[in-house]
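Here is a short briefing to read alongside the model. Take a moment with the fold before going through the points below.

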Amino acid sequence: MDRSRNRRGPHSYPRTARVNALLQEIVAEELERLADADERLRLLTCTGVLCDPDLRHAKVLLASMPEGAAEALEDHRKALQARIGAEARLRRTPAL
């Protein structure tokens with residue numbers, strides 16, 4: 001009988017779920033900071049992040065998409081990825 005599967009260590013849920021939660025927190029904070037400088041991002045809310053198991057790509061889920069927000073997100077995509085790279089200790093930063 002394999003008892004190691006029944007043990008609950010510090011990581012009781014899958015790695016991708018932990019990474020998704022971390023990325024959501026980082027993206028939400030960065031969007032809030034960027035909204036101060038760019039009005040197109042004011043009403044944008046990050047509701048979740050879905051990251052591929054290999055951590056190469058991540059899809060950001062948003063609650064609403066005001067007019068011009070898609071263009072603003074494309075303009076600030078590199079800044080968002082840079083913030084993820086600075087705050088998350090990951091081997092590779094997922095492409096948003």
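A nonpolar core here is a set of buried Ala, Val, Leu, Ile, Met, Phe, Trp, Tyr and Cys residues joined through side-chain atoms within 4.5 Å. With that in hand, let's look at this predicted model, whose largest nonpolar core holds 20 residues.

**Overall layout**
- The protein has two helices and two strands, and from the N terminus on they follow the order α-β-β-α.
- Of its 96 residues, 28% count as buried.
- The accessible surface comes to about 7,000 Å², and carbon and sulfur atoms account for 47% of that.
- Taking contacts between residues at least 6 apart in sequence, 56% join residues at least 24 apart.

**The largest nonpolar core**
- The members that touch the most other members are L23, L31, L41, L44, C51 and I84.
- Two or more residues each come from α1 (15-37), β1 (46-51) and α2 (69-87).
- The top contributor is α1, which gives seven residues.
- L31, one of the members with the most core contacts, touches L44, C46, L62, L73 and L80, leaving aside residues up to four places away in sequence.

**Cysteines**
- C46 has a relative accessible area of 10%, so this residue counts as buried, the cut-off being under 20%.
- C51 is also buried, because its relative accessible area of 10% falls under 20%.
- How many disulfides does a search of the whole structure find? The search finds zero.

Definitions and conventions
Residues are numbered from 1 along each chain as its sequence is written. This is a predicted model: local features need pLDDT of at least 70, side-chain atom pairs count only at pLDDT 80 or more; totals for chains, interfaces and linings use all residues. Side-chain values use heavy atoms; hydrogens and water are left out. A disulfide is a pair of cysteine sulfur atoms within 2.5 Å. Buried means under 20% relative accessible area, exposed over 50%, partly exposed in between (1.4 Å probe, protein chains only). Helices (H or I, at least four residues) and strands (E, at least two) are DSSP runs, numbered from the N terminus. Contact means heavy atoms within 4.5 Å. Accessible areas come from the Shrake-Rupley method with a 1.4 Å probe; for residues, only the protein chains shown count as cover.
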